[in-house]
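The following paragraphs lead through one protein model, from its overall layout to individual side chains. Please keep the sequence and the structure in view while reading.

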Amino acid sequence: MTTPIQDTILSQLAAVAAGKSIDPMSVAKAIEPERWQRVLGHVRTNAIELAREGKIVILRHNKPVNPEKFRGVYRLRLRMDGDPTSFEDVVDDSASEEGGEA
């Protein structure tokens, strides 16, 4: 069972070419055009759930990231062959990019 936000994410991803990503802001604007900023947190939460289920990947700097640990600006893409399915062994360098722990 998917939520309306998850349906919007998946439908927008289905509309782009294979390997292309979407901006979470476009999802938020599709759901709430006038006050889309209020929806961005919900888009993130729903994207994380879809990534946990293996339906999409979350990208930072055009590379798949751990959906449990990423921070900052991100994009969404459908899962492709070769995308990691586990992030236990992947070094998370986003903390060093962001200036360390807050």
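Among contacts in the protein between residues at least 6 apart in sequence, what percentage join residues at least 24 apart? The share is 44%, where a contact means heavy atoms within 4.5 Å. The model is predicted, and local features therefore need pLDDT of at least 70, side-chain atom pairs count only at pLDDT 80 or more, and totals for chains, interfaces and linings use all residues. Residues are numbered from 1 along each chain as its sequence is written, and side-chain values use heavy atoms, with hydrogens and water left out.

The protein contains four helices and three strands, and along the sequence they follow the pattern α-α-α-β-β-β-α. Helices (H or I, at least four residues) and strands (E, at least two) are DSSP runs, numbered from the N terminus. Of the 102 residues in the protein, 33% are buried. Buried here means under 20% relative accessible area, exposed means over 50%, and partly exposed lies in between (1.4 Å probe, protein chains only).

In soluble globular proteins, nonpolar side chains tend to be buried together. A nonpolar core is defined as a set of buried Ala, Val, Leu, Ile, Met, Phe, Trp, Tyr and Cys residues joined through side-chain atoms within 4.5 Å. The largest such core in this model has 19 residues, and those with the most contacts inside it are Ile9, Val43, Ile56, Ile58 and Leu76. Two or more residues each come from helix H1 (4-14), helix H2 (24-31), helix H3 (40-52) and strand E1 (56-60). Helix H3 gives the largest share, five residues. The surroundings of Ile58 can be followed in detail: leaving aside residues up to four places away in sequence, Ile58 touches Ala47, Ile48, Ala51, Lys63, Pro64, Val65, Pro67, Phe70, Tyr74, Arg75 and Leu76.

How do two of these helices meet? Two packed helices are described by the angle between their axes and the distance between the axes. The axes of H1 and H3 come within 9 Å and cross at roughly 70°; axes are lines fitted to C-alpha atoms, for helices over the stretch in contact, and angles run from 0 to 180 degrees between N-to-C directions. H1 and H3 are therefore roughly perpendicular to each other, since angles of 65 to 115 degrees fall in that class, while those under 35 count as roughly parallel, those over 145 as roughly antiparallel and the rest as oblique. On the H1 side the contact is made by Ile5, Gln6, Ile9 and Leu10, and on the H3 side by His42, Val43, Asn46, Ala47, Glu49 and Leu50. By class, this contact has six nonpolar, three polar and one charged residues. In this scheme Ala, Val, Leu, Ile, Met, Phe, Trp, Tyr, Cys and Pro count as nonpolar, Asp, Glu, Lys and Arg as charged, and the others, Gly among them, as polar.

Glu49 leads on to the charged side chains. A search of the whole structure finds four salt bridges, each being a side-chain nitrogen of Lys or Arg within 4 Å of a carboxyl oxygen of Asp or Glu. One of them joins Glu49 and Arg52 at 3.0 Å, N to O. Both residues lie in helix H3, three residues apart, about one turn of the helix. Arg52 also meets Glu68 in a salt bridge of 2.5 Å, N to O. This second pair links distant parts of the chain, 16 residues apart, with Glu68 in the loop between strand E2 (63-64) and strand E3 (75-78) and Arg52 in helix H3. Glu49 counts as partly exposed because its relative accessibility is 29%, and Arg52 counts as partly exposed at 48%. Glu68 is partly exposed, with a relative accessible area of 48%. A further salt bridge connects Glu53 and Lys55 (3.2 Å, N to O).

The last stop is a matter of backbone geometry. Most residues other than glycine have a negative phi, and most peptide bonds are trans. His61, however, has a positive phi near 55°, and Asn62 has a positive phi of about 60° although it is not a glycine. His61 is exposed because its relative accessible area is 59%, and Asn62 is exposed at 64%.
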